[in-house]
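Keep the sequence and the 3D view open while you read.

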Amino acid sequence: MILENAPLSALIDALAGEGWAEARGFLSPGEVARLAGISQARRQDFHRASIGRAAGQNVRDDIRRDAVLWIDNQDPELGFVMQRFADYQQQLNRELYLGLNELELHFAAYPAGGFYQRHLDQHRQQDTRVVTVVLYLNPPDWQSDDGGQLRLYLDDGSHHDVQPAGGTLVTFLSNRFEHEVIPARRERLSLTGWYRRR
Ligand SMILES: O=C(O)CCC(=O)C(=O)O
Ligand SMILES: [Fe+2]
């Protein structure tokens with residue numbers, strides 16, 4: 001379901017219904033610019049994203065081509081956005097009894113040519129990821145021609161493409177929807193996270 005400047009309660013309803021939501025205007029343009037600035041200032045610390053966990057981790061250029069920086073949830077510069085995610089977690093628990101008690105977050109940067117092949121956000125052994133959130137930090141002039149859409153594969157065999165415009169938040173049930181990032185033609189920035197249940 002596509003939402004515009006919606007309250008958190010509308011996201012919760014969409015998640016309980018279809019299992020996913022595209023919430024445009026989740027952050028204001030000013031907040032997006034601030035977060036994008038923080039991400040850019042830390043670019044030297046990003047590292048090439050890998051797949052799998054622990055010993056099974058490796059960088060696979062053929063599967064995903066992005067760089068990430070994991071975030072400390074106590075990071076003082078990020079308090080304004082962490083608060084939004086904490087509110088969302090609290091409402092998810094209150095309304096849907098999901099029992100979420102952890103959020104892991106990373107900045108991601110896809111260079112021109114970057115993509116992420118179709119996948120599910122759960123590691124085979126360890127399926128504690130319950131709800132995915134992706135918040136886009138791109139400039140407002142992102143065009144369809146710039147690529148980088150998030151393609152969500154829906155239950156009925158169709159798909160929904162999300163334009164990674166700054167301020168849009170996508171959220172979905174991590175174990176239900178396969179998805180992929182279509183190759184981007186310009187740098188594509190985001191903040192991606194997973195609520196978990198330990
Ligand atoms: O950036 C996106 O739109 C999705 C990224 C993704 O699927 C992931 O990091 O698991
Ligand atoms: Fe994913």
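The points below cover the sheets, the core, the ligand shell and some loop residues.

This is a predicted model: local features need pLDDT of at least 70, side-chain atom pairs count only at pLDDT 80 or more, and totals for chains, interfaces and linings use all residues. Residues are numbered from 1 along each chain as its sequence is written, while chains are lettered from A and ligands numbered from 1 in the order in which they are written.

Eight strands form one open sheet with mixed pairing. Four strands form another open sheet, with antiparallel pairing. Helices (H or I, at least four residues) and strands (E, at least two) are DSSP runs, numbered from the N terminus. Two strands pair if DSSP finds at least two bridges between them.

**Eight-strand sheet**

- The strand order is S1-S2-S10-S7-S12-S5-S4-S3.
- Strand S1 (2-4) and strand S3 (47-48) are the edge strands, and each pairs on one side only.
- Strand S2 (residues 20-24) pairs with S10 in the antiparallel sense over four bridges. Trp20 stands opposite Phe172 in S10.
- S7 and S10 run antiparallel, joined by five bridges. Val133 has Thr171 in S10 as its bridge partner.
- Strand S7 (residues 129-136) is also joined to S12 by seven bridges, again antiparallel. Here Leu135 has Leu191 in S12 as its bridge partner.
- S4 and S5 are antiparallel over four bridges. Leu69 stands opposite Phe107 in S5.
- S3 and strand S4 (residues 67-70) run antiparallel with two bridges.

**Four-strand sheet**

- The strand order is S6-S11-S8-S9.
- Strand S6 (116-119) and strand S9 (159-162) stand at the edges with a single partner strand each, so one side of each has no neighbour in the sheet.
- Neighbouring strands of this sheet are turned by 15° against each other on average, direction ignored. Axes are lines fitted to C-alpha atoms, for helices over the stretch in contact, and angles run from 0 to 180 degrees between N-to-C directions.
- Strand S8 (residues 150-153) and S9 run antiparallel, joined by four bridges. Tyr153 stands opposite His159 in S9.

**Helix packing and core**

- Helix H3 (residues 79-96) lies across strand S5 (102-110), S7 and S12, and runs at about 35° to S12. Contact requires C-beta atoms, placed from the backbone, within 7 Å.
- The largest nonpolar core has 39 residues, of which Leu135 and Leu137 touch the most other members. Such a core is a set of buried Ala, Val, Leu, Ile, Met, Phe, Trp, Tyr and Cys residues joined through C-beta atoms within 7 Å.
- S7 gives the most to this core, with six residues.
- Leu137 touches Val32, Leu35, Ala36, Ser39, Gly166, Leu189, Ser190 and Leu191, not counting residues up to four places away in sequence.
- In strand S10 (residues 169-173), four of the five residues are buried. A residue is buried if 20 or more other C-beta atoms lie within 10 Å of its own, exposed if 12 or fewer, and partly exposed in between, with C-beta atoms placed from the backbone.

**Ligand 1**

- Around ligand 1 stand Ala108, Tyr116, Asp121, Val134, Leu150, His179, Val181, Ser190 and Thr192. A residue is near the molecule if its C-beta atom, placed from the backbone, lies within 6 Å of it.
- Strand S11 (179-181) and strand S12 (188-196) each supply at least two residues of this shell.
- The shell has five nonpolar, three polar and one charged residues. Ala, Val, Leu, Ile, Met, Phe, Trp, Tyr, Cys and Pro count as nonpolar, Asp, Glu, Lys and Arg as charged, and the others, Gly among them, as polar.

**Loop residues**

- Asn5 lies in the loop between S1 and helix H1 (8-16). Asn5 is not a glycine, yet has a positive phi of about 45°. Asn5 counts as exposed because it has 11 C-beta neighbours inside 10 Å.
- Tyr97 lies in the loop between H3 and S5. Phi of Tyr97 is also positive, near 50°. Tyr97 has 8 C-beta neighbours inside 10 Å, so it counts as exposed.
- Asn58 sits in the loop between S3 and S4. Asn58 is exposed, with 9 other C-beta atoms within 10 Å.
- Asn58 is in contact with Ser50, Ile51 and Gly52, leaving aside neighbours within four places in sequence. Asn58 and Arg48 are ten residues apart in sequence and 9.7 Å apart in space, C-alpha to C-alpha.

Technical notes. Contact = placed C-beta atoms within 7 Å.
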